[in-house]
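Subject: Structure for your files

Hello,

Here is the structure I said I would pass on, followed by notes on what was found in it. Please keep the two together when you file them.

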Amino acid sequence: MVRKTGRRWLVLMVVSAGLLLITLDNSILYSALPTLVEDLGASASESLWIINAYPVVMAGLLLGSGTLGDRVGHRRMFVIGLVVFGLASLAAAFSSSPEALIASRALLAVGAAAMMPATLALIRVTFEDQRERNVAIAIWGSLAVVGSALGPIVGGVLLSSFWWGSVFLVNVPVVAVALVATLVLAPPNQADPSKRWDLPSSLLALVALVGLVMAIKEIAKTEPEPWSVAASGVAALAGGWAFAHRQRRLAEPLLEFSIFRNRAFLAGVLAAGFSLFAIAGLQLVTTQRFQLVEGLTPLGAGLLVAAVAAGALPTALAGGAVLHRVGLLPLIAGGLALGTAGTLLFLANFDTSTGLLVTGLLVTGAGLGAAMSVASSAIMGNAPASRAGMASSVEEVSYEFGSLIAVAMLGSLMTALYTATVDLPAGAPQSARDSIDAALALAGDDNPALVTAASHAFDSAYATVVTVVAVVMAAGTLVTGLLLRRHGPGSALSADTHH
């Protein structure tokens with residue numbers, strides 16, 4: 001059996017490679033976005049959808065794909081996901097328009113949604129020893145952080161030598177190797193045809209999420225369109241209500257709401273969401289700010305935000321190793337508190353001191369790494385083995401939801417604040433008010449006053465957005481601290497799911 005040999009660690013490597021691909025594609029466009037927008041002629045709204053199509057579709061499909069994995073087997077789902085992901089990467093690399101790229105990103109999300117629950121479920125069934133599983137899940141969780149942080153760097157490296165399509169083409173050889181390794185190493189496929197899979201539930205979740213994102217993006221505009229906000233809001237509420245109503249009627253729902261009564265499970269889900277909100281938000285706005293205002297290359301901006309990963313990796317690995325001794329409370333609530341402090345340090349020094357700026361990002365990463373690594377253990381350790389697919393899907397929905405809301409809310413807020421506050425010099429065209437990209441393109445080398453005005457407004461918007469990230473993390477610290485107040489040193493990881 002796999003568990004009696006070192007092959008289980010090779011299985012971990014294979015599924016981790018799949019996870020690395022998924023998380024890389026969440027953030028690889030952050031540093032590539034200015035180049036991509038220029039080459040494809042994408043509008044501000046299209047550029048946000050190029051990023052958002054991936055997490056929106058993935059989050060909508062994740063719950064369904066996890067349960068489908070319980071039915072057809074997680075190994076089979078992982079293989080199917082790899083194939084779809086590889087084909088979608090080819091399509092994205094050679095997209096000739098913003099619309100084609102958005103569609104390809106949506107197809108990438110279908111492959112990712114098939115793969116992602118399978119990665120954690122395969123770990124759950126491969127590692128039977130609790131401590132080994134904690135370490136394996138911590139490695140898995142740390143790779144989620146590393147992949148997200150490596151995205152802007154990989155994007156920057158590729159753009160320094162190749163065209164923007166290379167950021168997708170790089171996935172193909174990794175998919176090929178992972179596919180062969182899965183077929184050779186992964187445990188036999190364990191299907192359970194008695195498990196029911198409900199496609200309408202997945203579609204209702206997708207409708208609710210798309211409606212929510214569109215509502216957030218519209219509300220964040222300087223002049224929101226009331227009818228658009230209303231229509232999006234109705235879609236979000238109706239989709240969410242219909243999804244919840246359908247789950248209560250199904251004998252085997254995609255999501256059993258009763259599992260959220262377990263405080264440790266709920267705290268793990270919230271910690272994953274808060275952590276990804278902070279990481280995705282900081283990465284998105286920071287890579288943009290340091291390219292557009294400071295003039296860094298895509299690679300330089302990517303290396304800067306990599307400080308988050310550098311801080312996160314040691315604490316993510318250590319968290320899983322010490323969890324059984326220290327308990328969930330100090331690692332999750334304490335990690336979010338440390339992340340908040342690091343973000344405030346970064347905020348106070350982003351335009352004055354490079355040393356303190358990087359230190360702030362390192363401290364933020366250290367806190368979030370600890371929280372994320374054990375959030376996975378809190379979730380998987382408090383779900384029955386028969387619903388491993390559902391539990392892993394819930395976790396990944398929380399990761400994607402955190403990232404999705406960060407991009408939708410903070411990206412739109414940044415643009416809206418810039419538009420509302422930029423003080424254009426006399427004679428500057430009004431279209432410079434649309435975005436800093438537009439202002440810099442219009443200014444060229446002949447209008448330094450416009451560059452200064454645009455940079456000043458963008459920095460002001462940036463500071464506000466980073467403040468929002470810090471406030472959200474502080475709220476996460478408070479909420480998870482209350483939920484985990486009985487999970488300090490020496491406490492058991494698992495608890496009765498109806499506690």
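The axes of helix α8 (residues 199-219) and helix α9 (residues 226-249) approach within 7 Å and cross at roughly 150 degrees. Helices here are DSSP runs of H or I with at least four residues, numbered from the N terminus. Axes are lines fitted to C-alpha atoms over the stretch in contact, and angles run from 0 to 180 degrees between N-to-C directions. α8 and α9 are therefore roughly antiparallel to each other, a label given to angles over 145 degrees. Their crossing is left-handed, meaning that the near helix is turned anticlockwise from the far one by less than a right angle.

Before going further, note that this is a predicted model: local features need pLDDT of at least 70, side-chain atom pairs count only at pLDDT 80 or more, and totals for chains, interfaces and linings use all residues. Residues are numbered from 1 along each chain as its sequence is written, and side-chain values use heavy atoms, with hydrogens and water left out.

On the α8 side, the residues that meet α9 include P200, L204, A208, G211 and E218, and their partners in α9 include S228, G233, G239, F243 and R246. Contact means heavy atoms within 4.5 Å. By class, the contact of α8 with α9 has 14 nonpolar, eight polar and two charged residues. For that count, Ala, Val, Leu, Ile, Met, Phe, Trp, Tyr, Cys and Pro are nonpolar, Asp, Glu, Lys and Arg are charged, and the others, Gly among them, are polar.

Among the residues in contact are L329, L336, G339 and F346 from α12, and Y462, V466, M473 and G476 from α16. The contact of α12 with α16 divides into 15 nonpolar, eight polar and no charged residues.

Leaving aside neighbours within four places in sequence, M58 is in contact with I22, A109, A112, A113, M116 and E400.

Q288 lies in α10 (residues 263-292) and is buried, with a relative accessible area of 11%. Buried means under 20%, exposed over 50%, and partly exposed in between (1.4 Å probe, protein chains only). Beyond residues up to four places away in sequence, Q288 touches Y30, L33, P34 and F458. Q291 is also found in α10 and is buried, at 12%. L296 lies in the loop between α10 and α11 (298-326) and counts as partly exposed, at 34%. With the same exclusion, L296 touches F290, Q291 and A301.

Regards

Conventions:
Helix = DSSP H or I, 4+ residues; strand = E, 2+ residues; numbered from the N terminus. Parallel < 35°, antiparallel > 145°, perpendicular 65-115°, else oblique.
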